[in-house]
Structures are given as C-alpha cells and as structure tokens.
Amino acid sequence: VSRESHGSQSAFLHHQVPIKNIERELICPICKELFTHPLILPCQHSVCHKCVRELLMLNHEDSFDAGSECSLPGSPRSRVPSPSMERLDRLVRSGSISSPGWRRGSVTPRVTTIPCPGCQHDIDLGERGISMLFRNFTLESIVERYRQAARAAVAIMCNICKPPQQQEATKSCMDCKASYCNECFKMHHPWGTPKAQHEYVGPTTNFRPKVLMCPEHEMEKVNMYCEVCRRPVCHLCKLGGSHANHKVTSMSSAYKILKEKLAKSIHYLISKEDQVRTQITELDVLINQTEENGQLAERRANEHFERLFETLQERKSEMLRSIEQSRNRRLDQLRSQVEEYQGMLENSGLVGYAQEVLKETDQSCFVQTAKQLHVRIQKATESLRTFHPAANPCFDEFVLDTSREETLLKEMCFGGVPDPPLIDLSRSRVYNEATICWRLSDDHLPTDHQVLEYRRWFQSPSQEDGEDSGLWRATDRVYGPSTVVCDLEPDSLYAFRVRSCRNSMYSPYSPEVKFHTPPAPAFGFLFSDKCGFSTERLVLNKRRDSVESVAGMAFLLGAERVQTGSYIGLDYIIGDAGISQGRHYWAFTVEPHSYLVKVGVASDSKLLEWFHNPRDTSSPRYDHDSGHDSGSEDTCYELSQPFTLITLGMGKLFIPKASSSSSVSSATRVGVCLDYDAGRVYFYDADTMRCLYERQVDCSGTMYPAFGLMGSGKVQLEEFITAKRLTF
C-alpha cells in the first residue's frame with residue numbers, strides 16, 4: 001500500500017493542477033461567490049455560513065425583530081454583517097444561532113430544515129441547527145491559497161509592526177491567531193517560554209483550531225468516523241449519543257482508507273488524461289454532428305410539410321374549381337328553364353290565336369292551320385303537367401368527410417426512434433420454453449410492436465453447431481409485453497434481446513440477457529392432497545401449486561416433547577406424479593420467512609415408511625433425518641439411500657458435506673434434476689442454473705418430488721411446472 005501511495009504522490013507531483021484552475025470548485029452554490037467560512041451539511045455538500053443562516057430564515061414564517069435584523073434585499077452577501085470567526089464560534093457553541101428567527105418562549109416551532117442547493121434534498125439540521133455542522137477547514141485553506149495565488153502581489157503584513165515600518169509577515173501563529181515578521185515573532189515567542197511551543201505556519205489569514213471538537217459534546221475531541229452518517233464523532237457520540245447504534249471506525253483508519261481511495265481515483269483520472277482528451281474531441285465532433293444533423297432534420301421536416309401543404313393546396317384548388325363549374329352549369333340550366341317558362345307567359349296570345357282558329361268552319365283550312373298549332377299547345381301542356389327543375393341546388397356530393405385524415409394527422413408521431421425496452425429478469429423464466437417479459441420505455445408514446453431475438457451462446461468460440469452458431473433468430477411480431485420461445489436445447493446458454501417498432505422505425509436493442517436452460521425437460525406435477533398430506537399443519541391452495549406450513553395448536557402441543565429430548569417432526573407432501581425413467585427437472589420457490597424446509601426426491605417405499613411411522617417421537621440421534629436445521633445429518637447418508645433431501649431455512653441453503661452454509665436471495669429459487677437411469681440427483685440455483693449439490697440415489701422404485709416442512713414456511717411451484725397439469 002505504501003508503495004502505491006508513494007507512486008500516486010509522485011504522479012501528483014508531476015501532474016499538479018494550478019491553483020488558479022480550480023475556481024469552479026470553490027464557489028458557493030447559493031451566493032455564487034468564493035466560500036466564506038463554509039459549513040459541511042449532512043449530505044456532505046458545503047455552503048457558506050451566512051448562506052445557511054439565510055436559508056433557515058427564508059424557510060421560517062416569522063421575521064426577526066425590526067431592530068435586530070435588516071430586511072432581505074437581493075444579494076445574500078448584503079443581508080448579514082460579517083462577524084469575526086471567533087464570535088461565530090462562540091455563538092455556535094452557545095447555540096444562540098442554531099435556528100435564526102426562533103426565540104425562546106416563542107409559540108412558533110423552530111425551523112431546522114433547509115433544502116441543499118447541491119443535491120436538492122431537504123436537510124434536517126436537528127434541534128441545535130447550525131451548531132451541529134462542522135466547519136470545512138480544508139476548504140477554507142484551499143480558498144485562502146486560491147485568493148493568495150489570485151492576488152499574488154498582495155502580501156500578508158505583520159500584525160505587530162506599525163506603519164510606516166510595517167514588515168511583510170513570514171509566519172503565522174495558529175495559537176495567537178496572528179501573523180508576524182521574523183523580528184516580531186522572535187520578540188513575542190522568546191525561547192524558554194510557553195509561547196515558544198506554539199504552532200506556526202506560513203503567512204495566512206485562516207486560523208483554524210488545532211483540534212476538531214465535537215459539535216454535540218463541546219469539550220470532546222472527534223476521534224472516530226461514523227460510516228452511517230459519514231461524519232467525525234467523539235467517543236460520547238458512540239457511547240450514548242445519536243451514533244450509539246451506528247458503525248464507526250477509528251479516525252486514523254478512516255483517514256487512511258479515504259485518502260487511499262481518493263489518491264487512487266485521482267491517479268486513475270491522471271492516467272486517463274489522454275483518453276479524456278480523446279473523448280472530449282469525440283464529444284466535440286458529436287456536438288458538431290448534432291448541430292448539423294439537427295439542421296438537416298429541420299430542413300427535411302420543412303420539406304415534408306411543404307409537400308403536404310402543396311398536396312392539400314392542390315386538392316383544395318381542384319375541389320373549389322369543381323364546385324365552381326358545377327354551380328355555373330346548374331345556374332345555366334335553371335336560367336334556361338326560367339326563360340322557357342317566361343316565354344310561356346309572354347306567348348299568352350297563342351291561346352287567343354288558338355281560340356280564333358277554332359272558329360274556322362272550313363275543314364280543309366282548319367286542318368291546314370291547326371296541325372302546327374296543336375304541336376305547340378301540346379308541348380306547353382306537357383311542361384305544365386311534369387314540372388321538374390333543370391338542376392339540383394344541393395351540393396352534397398362536394399361535402400368532405402376528413403375525420404379519418406384528421407385522425408391520421410393527429411396520430412402522426414414525431415418522437416423519432418423509440419427507446420429500447422428492458423427485459424424483466426424477475427418475471428422471465430426459461431425451461432424447455434422461454435417466457436421472456438419486458439418493460440416498455442417511459443417515453444409515453446405508443447409502439448406498434450416488439451421483436452424478440454435470441455441465439456444460442458457458446459462458452460468456447462471454436463464450438464459450432466450449424467445454424468445456431470451465433471446467429472440471431474427473430475420471433476414474429478409481438479403486440480404485448482411478453483412472448484414464448486419454444487424448442488430450446490437443454491443445458492444450454494441462450495442470449496435474448498428485444499427492440500420496439502414505431503412508424504416503421506426500430507429502437508436500439510435492449511441490453512442482452514442470458515438464461516441457462518435446465519439440464520433436462522421440465523417435469524409437470526402438482527402437490528398431492530391424498531398421500532400423507534396433513535390437513536392440520538399444511539395448507540394447500542385450490543390450484544395445488546402452493547403449500548404452506550402453519551405453526552398451529554398441534555405444533556404447540558408437540559413442542560412440549562422438546563424439553564424431554566425429542567423433537568417435532570417434519571410434515572411431508574409429495575408430487576402427484578412419479579418418475580420411473582429418463583431425466584426430469586422441476587423448480588420451485590421457498591419463501592424467505594420459512595423456518596425449515598427439506599426438498600428433494602424419495603422413492604415410493606421410503607414414502608410409505610415416512611407416512612406410516614410416527615416421526616414426532618423418535619430421537620434425532622436414531623434417525624438420520626432429524627429435522628434439525630443444521631443440515632449436518634445430510635452428511636451421514638449412505639450412497640444407496642432411496643431418497644435425497646437438502647435443507648433450506650431462515651434464508652440459507654445448507655449444502656451437505658460443506659463446511660459452512662451459503663446465503664441465498666430473499667426468495668430462494670431451487671431446481672431439482674433427477675436422472676433416473678443414472679441414479680443421480682442434482683440441486684441447482686434456478687436463477688443461474690449453477691449446480692449446488694449432487695449425489696447418488698437409489699432409483700429402484702418410483703421416485704416422487706418430496707417436500708418436508710417444519711414450523712412456518714411456504715413452497716411455491718413455478719408456473720411452467722404446473723401449467724400442463726392445470727390445463728387438464
């Protein structure tokens with residue numbers, strides 16, 4: 001470690017950042033000026049002392065007395081006069097400024113909550129308010145060095161010399177809190193006196209205390225570090241204060257660990273300087289490309305909309321032209337008809353003329369004249385009998401129904417490429433078939449469909465297997481949040497990814513997730529409610545895919561025998577289907593609150609023995625399967641036993657012949673694989689398909705999935721295991 005630290009220090013010496021380049025880190029987030037007497041908030045952000053007070057005042061409903069505080073103008077720096085730090089320390093220690101705006105005896109509750117300007121979280125300062133905050137002396141020193149570097153030519157003068165002979169200070173005494181030239185320092189710190197033992201540093205205006213004192217216990221030095229609150233504490237804080245139940249470390253240990261972490265992180269950043277510069281260059285290129293592509297997208301969008309506008313304008317002009325032509329044509333027809341009828345009125349002399357012709361008695365002369373006259377009279381008569389307007393005044397054929405087009409326009413999506421969905425590991429399950437579920441993105445824009453792709457994943461890149469060798473297969477379009485992939489190879493690793501489609505635009509692929517298929521086909525069964533099932537202590541649901549052990553009165557009465565050396569037995573339940581050949585796999589979940597659960601396989605002959613022989617009066621020293629939760633009895637089995645059970649309980653999985661138990665997740669998923677022909681049983685972590693334990697088992701009879709529960713516990717068969725049985 002020391003070698004690494006020396007290497008890091010040498011790297012720092014070669015890569016020192018000029019003090020003038022760190023101004024951004026020295027600006028208060030509230031007043032936007034250099035820090036003045038910064039305080040460290042519980043969230044580890046620093047804020048000026050005055051700014052903290054002003055935040056408290058702004059959060060308080062009452063104002064100060066008119067004579068004690070001025071009104072609140074715009075600038076935070078102009079609100080409160082700058083007191084000396086000695087006076088501030090006295091006020092802080094006395095608690096008189098713990099919560100500005102609050103007076104003793106006031107009915108208004110004290111306000112000690114402020115919003116942190118750095119992380120935007122509400123910070124509760126507690127009853128003592130500002131007095132509970134540490135001063136950030138390190139930040140004060142850095143700010144002072146920055147000020148000195150910024151003003152360079154302005155020197156710190158001796159506080160003892162009087163003008164015009166005032167000399168430039170060469171030392172500052174941290175005990176006297178004053179700066180001295182060489183002569184004045186020798187005069188005020190003579191050898192052989194207590195002052196000669198004072199601590200002195202280079203010229204400074206920042207006089208920090210020698211020892212950091214605890215804000216809560218004013219006379220105690222901080223000598224420990226609370227890892228929960230991330231702040232220094234004293235031994236009284238740990239013994240009976242607010243940090244009594246917190247994990248603390250020594251200050252030296254915290255100093256060493258934090259300094260090493262910080263040094264390594266800085267060393268890493270320095271070593272990646274070229275990479276950072278390259279990435280900055282890439283980001284600059286991306287910025288330019290974003291600007292150019294954004295402008296190009298705007299131009300293309302304008303072009304598309306202009307074409308839409310032109311098309312609409314063309315259709316509008318064409319329709320208006322058709323309406324105008326139809327209107328003119330109808331008007332002409334109606335006007336012609338009006339003229340025709342107007343002529344009938346104007347030719348009323350025709351009737352008189354016809355009456356005079358009727359007076360003619362000479363037949364030859366009458367026929368000669370009346371024939372043409374009759375044609376004219378008949379035509380006028382027919383027009384009166386069958387009156388029809390020459391044109392229809394309605395323009396219904398030109399009424400447009402644009403509702404569909406309006407809907408299409410409103411549904412036009414300009415969101416671009418949709419965000420990729422995320423595969424939900426907690427809901428996805430893989431057996432012979434894979435049920436893959438995913439969550440859609442939160443961009444609130446609907447997608448048309450999703451496409452799931454999968455491929456077989458080989459551990460060795462040289463291994464090949466025809467069309468499955470690294471080639472992605474795609475499912476049909478999926479219009480929901482899940483799909484099923486069939487015909488997966490057993491004992492294989494598969495990778496899955498999914499993407500969304502919206503308006504023919506596909507999202508990027510989701511991050512790939514890998515699932516390992518079981519080593520054998522899934523064995524379907526339900527819990528048996530007939531063979532050995534105890535209705536007093538086991539509760540079986542209606543679907544028979546979940547069983548729960550209830551510690552009821554029978555369990556309590558049986559517990560009396562514990563004090564005599566006996567124990568309370570396991571309540572067994574088995575599957576309603578047995579295995580007599582082949583390889584089979586099943587999986588289930590043991591709830592984390594379960595006290596003790598044994599899972600595995602057992603032959604029909606062993607089950608008859610368990611169910612017909614009382615087990616709650618036998619001794620754990622006599623029977624290998626004592627039910628004790630240590631799991632130690634599992635190591636005593638002979639290799640030819642017709643059953644194999646492993647123990648789960650209290651959030652742990654106990655592996656036989658293992659030196660210690662291994663922790664499991666909050667909802668333990670366990671898989672069991674029985675190779676009947678080979679006479680072996682395997683136990684898997686169903687999440688990772690990692691084999692936890694295997695052993696020989698006597699498969700001379702029919703083997704059944706077996707479960708034993710004691711105390712409070714619950715076992716849930718997985719849906720794929722029960723699906724085939726529940727459909728019958």
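The protein chain has an average pLDDT of 75, and 75% of the residues score at least 70. Over residues 614-638, the model has 53 contacts beyond four places in sequence. Over residues 658-666, the model has 14 such contacts. Where pLDDT is low, the predicted coordinates should not be read in detail.

Strand E14 (residues 434-439) pairs with strand E12 (residues 422-423) through two bridges, and the two run antiparallel. In this pairing, isoleucine 423 is opposite tryptophan 438 of E14. Strand E13 (residues 429-430) is also joined to E14 by two bridges in the antiparallel sense, with valine 430 opposite alanine 434. Three residues lie between E13 and E14, and the two strands form a hairpin. A further antiparallel pairing, over four bridges, links E14 to strand E17 (residues 482-485). There, cysteine 437 stands opposite serine 482 of E17.

Glutamate 718 lies in the loop between strand E33 (713-717) and helix H14 (719-726). Glutamate 718 counts as buried because its relative accessible area is 5%, and the cut-off for buried is under 20%. Beyond its neighbours within four places in sequence, glutamate 718 contacts Arg429, Tyr431, Ala587, Phe588, Thr589 and Arg669.

Phenylalanine 305 belongs to helix H8 (residues 273-346) and is partly exposed, with a relative accessible area of 32%. Together with Leu308, Phe309 and Leu312, Phe305 forms a nonpolar surface patch with about 380 Å² of accessible area in total.

Conventions: Residues numbered from 1 in each chain as written. Predicted model: local features only at pLDDT ≥ 70, side-chain atom pairs only at ≥ 80, totals over all residues. Heavy atoms only, no water. pLDDT = per-residue confidence, 0-100. Contact = heavy atoms within 4.5 Å. Buried < 20%, exposed > 50% of the residue type's maximum accessible area, 1.4 Å probe, protein only. Patch = residues over 30% accessible without salt bridge, like charges linked within 9 Å, V, L, I, M, F, W, Y side chains within 5 Å. Areas by Shrake-Rupley, 256 points an atom, 1.4 Å probe, with all protein chains shown as cover. Salt bridge = Lys/Arg side-chain N within 4 Å of Asp/Glu carboxyl O. Pairing = 2+ DSSP bridges.
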